[in-house]
Amino acid sequence: MARLPPGALMQRAVAGLVTVCTRRILRSGGYGARVVVLAGAGNNGGDALWAGARLARRGAHADAVLLNPEKAHAEGLTAFRAAGGRVVAVADAGEALAGADLVLDGMLGIGGRGGLRGDAAALAELLAAGRTAGAVVAVDLPSGVDPDTGETPGPHVVADHTVTFGTGKAALAIDPAAAAAGVVHHVDIGLAPYLPEPALTVLDDADVAALLPDPGRESDKYSRGVVGVLAGSAQFPGAAVLAVGGALHGGAGMVRYAGPDAVATEVRQRWPEAIAGPSPDTVGRVQAWTIGSGLGDGRGADVEAALAAGLPVLVDADGLRSLPSRFDGPALLTPHAGELARLLDVERAEVEARRLHHAREAAQRWNAVVLLKGSTTVVAAPDGRVRVNPTGTSALAAAGTGDVLAGLAGSLLAGRLSPLDAGSVAAYAHGLAGRRAAASAGYPSAGDVLAELPAVVRSLRGAVGAG
Ligand SMILES: NC(=O)C1=CN([C@@H]2O[C@H](COP(=O)(O)OP(=O)(O)OC[C@H]3O[C@@H](n4cnc5c(N)ncnc54)[C@H](O)[C@@H]3O)[C@@H](O)[C@H]2O)[C@@H](O)CC1
Ligand SMILES: [K+]
């Protein structure tokens, strides 16, 4: 802002917003469309009013509902009126919305805190009740969601599209706020050279491809890393089979399974390439441990033995009941919301409402990377870095998929990825496998997801031209 004439950034944002509306959303390109602008008192309202003005100049009929007429963005409102836009009273908003093709939600942007109140809340309610047949387009982010956390502290807009400016926001990546954003469109307004290190990142295919271990020409099964899997029980033998399966596809050169003979037999029947032994002490040397999936009760001593090795460790499911008070070495915890709630002694709903907050809190408390599974998987490191996984799918909400993830991420730990990289790469590939499995199986099982992992890893590694 210091380097540009006043209003220049806003005009870049508005140009991008109008382009998305006319090319992607309005079939007529804007001509003859009925547009309703909901404008708050801040710059977010300014964006929306300027966009309404541009659409009116293209032949749209534009109405604006001003939440705070005295404080409305002055230049934006002048431009809106000059272009032929009409201001309608809040009391008449329902009628305007009913006939709209496009609703621009410019009530609150990144300056919003604490959810919508008063008229703004009532307008969001009208939209939620389906009182418009038009597309609801959130300007920068859905009004009323918390920009930096993904929380929804009160009433908020639920949009069909969000056109966001300059950089991503936590609210567009983390549920429950992300669920209110609809399809997200990014508009570059030239901020990139001036932005600090992001507090939160979302990996893409190329990032993940670059992080995947690359077995060089000289590598052998030991140098690629050996992962130990302490999982499964007489009650849950399948968890061992799935975790070992995940581990076999994460790049480790060898998988050693530690568990009761009957379970080990099932594991070897499905995966003859796995080595098995009765306990962590006897199974042989490994470079990382995956602990906990389907372990059941009464295996605390085995968990302690695996943890005592001081190796990089992933702790999942039942293993989370035997955590040390703090980790000294590299550690990755993979709870779902219910497990994290138990660890932190809060309600599950509270964890789901504040995913980023609770993942960070646990990361600090245990000095471990915490991968909180769920609709938007969050991976938080104790040093404050956070990654949010973009590949999640409801297809992964099935028994056993977590066991696959634990094996996969443990294998990456053995391949010398840091816990943050191992967790975020595993979540990414696992999500893609879930999507592929859903495409072919409809309602995929954990086994279906596992079966898609090789194709996912192959296509990701192909993205960097791996030989
Ligand atoms: N910062 C930038 O470089 C740019 C910002 N732009 C736009 O500017 C927006 C941010 O503008 P502002 O900082 O003016 O913030 P907002 O437009 O989000 O609104 C802030 C105003 O709303 C009030 N407010 C906060 N929470 C409220 C609540 N719950 N209920 C009612 N009122 C509440 C605040 O007191 C403040 O007056 C961005 O989201 C984006 O749309 C764009 O024009 C592009 C450039
Ligand atoms: K908004």
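How many bridges join strand β2 to β3, and do they run parallel or antiparallel? I found three bridges between β2 (residues 61–66) and β3, and the two strands run parallel. Within this pair, Ala 64 has Val 87 of β3 as its bridge partner. I took strands (E, at least two residues) and helices (H or I, at least four) as DSSP runs, numbered from the N terminus. Two strands pair if DSSP finds at least two bridges between them.

I note that the model is predicted: local features need pLDDT of at least 70, side-chain atom pairs count only at pLDDT 80 or more, and totals for chains, interfaces and linings use all residues. Residues are numbered from 1 along each chain as its sequence is written, and chains are lettered from A and ligands numbered from 1 in the order in which they are written.

I traced an open sheet of seven strands with parallel pairing, in the order β3-β2-β1-β4-β5-β6-β7. β3 (86–88) and β7 (183–187) are at the edges with a single partner strand each, so one side of each has no neighbour in the sheet.

**Entry 1: helices α2 and α3.** I then followed α2 (residues 43–57) and α3 (residues 74–82), whose axes come within 8 Å and cross at roughly 20°. Axes are lines fitted to C-alpha atoms, for helices over the stretch in contact, and angles run from 0 to 180 degrees between N-to-C directions. The two helices are therefore roughly parallel, a term for angles under 35 degrees. Among the residues making the contact are Leu 49 and Trp 50 of α2 and Leu 77 and Phe 80 of α3; contact means C-beta atoms, placed from the backbone, within 7 Å.

I traced an open sheet of 10 strands with mixed pairing, ordered β8-β17-β16-β15-β14-β13-β12-β9-β10-β11. Within it, three bridges join β12 (residues 288–291) to β13 (residues 313–316) in parallel, and Thr 290 stands opposite Leu 314 of β13. Helix α15 (residues 419–441) packs on the sheet, and its direction makes about 15° with that of β15.

Definitions and conventions:
Parallel < 35°, antiparallel > 145°, perpendicular 65-115°, else oblique. Contact = placed C-beta atoms within 7 Å.
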